[in-house]
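Subject: Handover of a structure

Hello,

Here is the structure I promised to pass on. Please open it alongside this note; my findings follow below.

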Amino acid sequence: MANTRADMTRETWLAILDKFRYDRDRPANPDMWSPRLDTASRDELIWIQNEKLRAAVPFLYENSPFYRRRFDRLGLSPGDFRSVDDLEKWPVVDKTEMMTDAAEHPPYGTYTTVTDDVWAKRGWMMFSSSGSTGVPRVFRYTHIDREAGAWANARALLAMGFKPGETVFMLTGYGPHVWAWGVQYALEKMELPTIPGGGMDARARANTILRFKPTILLCTPSYALHLGRLMQSMGHDPVATSVHTLFLAGEPALAVESTRRRIEGLWNARIVEFYGCTEASPHVGGYSCPAQTRDTSPAATHLMEDIQVWEVVDPETRRALPSGQRGLTVCTNLNSESSPQLRFLVGDYTTLDTKACACGRTHVRAIGSFAGRADDLINLRGIKMFPIQIEEAVRALPGTGDEFEIVLTTDSGGLDVMTVRCEHADHDRGGGDLRRRLEEEIRSRCEVRVAAEVLALGTLPKTEFKAQRVKDRRTKV
């Protein structure tokens with residue numbers, strides 16, 4: 001029985017979560033898990049968000065010391081938040097704040113609502129997301145979160161075409177990565193068979209595809225390229241395999257048109273992807289629109305608005321921008337016992353559109369998907385650019401390999417310089433010309449002079465999870 005305000009607000013919040021989990025056990029029809037939610041009107045979606053917000057805010061205040069201190073510091077109270085329109089009163093929360101909290105209150109920080117007692121009673125899994133300072137931000141999720149995440153993810157997977165008869169090959173080590181675990185439990189809920197590929201090397205995974213014929217691969221974009229090239233080197237054509245869908249995450253895929261086309265051509269398969277973050281999880285935030293085809297450009301990603309409130313903000317002022325303007329993503333999470341964050345700065349650039357979609361879903365879409373996370377911004381001698389711009393320049397050079405890296409150093413004169421290293425089959429014959437052409441491509445896109453190196457195919461390391469493209473070795477002042 002609830003006997004404190006913290007207990008009472010937790011019970012109220014969990015009851016609200018339960019109330020709005022329509023069609024929780026099985027899909028209402030073959031195309032939409034929950035048509036009542038997926039095709040809800042704008043007014044209905046806002047009503048659901050408001051109902052959830054009025055329960056989430058007191059819950060956070062009473063159960064998260066991080067949030068209570070922030071409320072008190074800002075001179076706000078839970079009663080100041082009655083609708084999503086009131087969210088503008090709350091300055092966005094960024095990762096730096098969380099890292100500071102984790103450092104001051106080890107080992108878990110105080111930004112989630114899981115106490116040691118709750119963790120002991122119904123703890124499910126701990127995920128981790130490290131910041132640039134090396135201070136780990138950990139998130140302890142409960143079995144209530146696990147079920148809420150499985151339900152939301154199943155809705156998204158069904159929308160992306162995961163149907164009876166498919167077999168999913170999970171080409172990822174699970175580790176502390178929320179994406180793979182969230183998908184695994186959703187596939188169980190959907191009763192779809194999976195082949196676990198964690199711990200296998202690339203050759204074993206290629207042979208598994210050839211022998212057991214999965215139809216969907218789950219991996220990062222860079223690994224999809226690596227595995228396809230390996231199969232070609234083994235004398236097998238990825239196009240001729242059973243794979244028809246590549247389920248990608250961890251790095252931009254749909255947002256980088258040249259990379260998207262390269263992967264699609266290598267496998268003759270469609271690409272779908274999830275979007276989200278560890279902090280506002282353990283479920284999907286965005287998923288590929290089911291109306292999207294290989295010829296759809298730009299790509300669009302649906303955001304599930306009955307479980308989260310999504311905004312874009314100005315990168316400098318952090319103030320909300322109207323629909324149709326490009327800004328950084330901000331998420332208010334309304335589908336978690338453990339981490340119902342208010343206005344967390346996820347920090348990817350996109351443009352939101354609330355117009356109705358051809359697939360029948362009414363939720364907001366990110367047009368062009370997501371690219372250029374603010375955390376990844378490179379500042380070279382006052383010129384700012386994103387790794388995605390370098391990637392587009394590399395892909396624009398015909399014949400380049402799939403791997404590249406960006407190396408930042410400080411020269412003997414104290415000047416910060418950049419070298420872009422890529423692979424090419426003709427590196428030994430036309431290396432000089434290729435290098436000059438790549439330098440020009442980068443200069444035209446980023447308006448900065450950089451050096452380029454053209455290497456033999458297979459020189460640069462392959463990655464299974466998120467590719468670490470940027471090597472920052474500059475002298476720190």
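Which residue lies over the face of Trp151? Arg155 does, at 4.8 Å from the ring centre. A charge counts as sitting over a ring if NZ of Lys or CZ of Arg is within 6 Å of the ring centre and within 35 degrees of the ring normal. There is another case to look at: the charged end of Arg70 sits over the ring of Trp90, 4.9 Å from its centre.

Some ground rules before the rest. This is a predicted model, in which local features need pLDDT of at least 70, side-chain atom pairs count only at pLDDT 80 or more, and totals for chains, interfaces and linings use all residues. Residues are numbered from 1 along each chain as its sequence is written, and side-chain values use heavy atoms, with hydrogens and water left out.

**The sheet**

Start with the strands. Helices (H or I, at least four residues) and strands (E, at least two) are DSSP runs, numbered from the N terminus. Two strands pair if DSSP finds at least two bridges between them. Eleven strands make an open sheet with mixed pairing, in the order β4-β3-β5-β6-β7-β8-β9-β13-β12-β11-β10. The edges are β4 (194-196) and β10 (308-313); each has a single partner strand, so one side of each is left without a neighbour in the sheet. From one strand to the next, the twist averages 35°.

Val312 stands opposite Thr329 in β11. Elsewhere, helix α10 (residues 221-233) lies across β5 (216-219) and β6 (245-248). This helix runs at about 120° to β5. For such angles, axes are lines fitted to C-alpha atoms, for helices over the stretch in contact, and angles run from 0 to 180 degrees between N-to-C directions.

**Aromatic pairs**

The whole structure holds 19 aromatic pairs. Rings of Phe, Tyr and Trp (its six-membered ring) pair if their centres lie within 6.5 Å; planes under 30 degrees apart count as stacked, over 60 as edge-to-face and the rest as tilted.

Take Trp124 and Tyr185. They form an edge-to-face pair, 5.4 Å centre to centre, with 90° between the planes. Trp124 lies in strand β1 (residues 123-130) and Tyr185 in helix α8 (residues 178-190), so the pair ties together parts that are 61 residues apart in sequence. Trp124 is buried, at 13%. Tyr185 is partly exposed, at 22%.

Phe127 and Tyr141 make a tilted pair, since their ring centres are 6.0 Å apart and their planes stand at 50°. Phe127 is in β1 and Tyr141 in β2 (residues 136-142), so this pair links parts 14 residues apart in sequence. Phe127 is buried, at 0% relative accessibility. Tyr141 is buried too, at 0%.

One aromatic cluster is made of Tyr61, Phe66, Tyr67, Phe71, Phe81, Trp90, Tyr111 and Phe139.

**The cores**

A nonpolar core is a set of buried Ala, Val, Leu, Ile, Met, Phe, Trp, Tyr and Cys residues joined through side-chain atoms within 4.5 Å. The largest has 80 residues. Phe71, Leu157, Phe162, Val183, Phe247, Phe274 and Leu342 have the most contacts inside it. Helix α3 (residues 42-63) gives the most to this core, with eight residues. A second, separate core has 25 residues, among them Phe169, Leu225, Leu227 and Leu248.

Contact means heavy atoms within 4.5 Å. Not counting residues up to four places away in sequence, Phe71 touches Val57, Tyr61, Leu76, Ser77, Pro78, Phe81, Trp90 and Leu342. Met98 lies in helix α5 (residues 95-104) and is buried, at 0% relative accessibility.

**Backbone details**

Check two cis peptide bonds. One runs from Pro106 to Pro107, with omega near 0°. Pro107 is in the loop between α5 and α6 (116-122). The other runs from Ser281 to Pro282, with omega near 10°. Pro282 is in the loop between β7 (270-275) and β8 (286-288).

Lys213 has a positive phi, near 55°, although it is not glycine. Lys213 sits in the loop between α9 (202-212) and β5 and is exposed, at 52%.

Best wishes

Methods
Buried means under 20% relative accessible area, exposed over 50%, partly exposed in between (1.4 Å probe, protein chains only).
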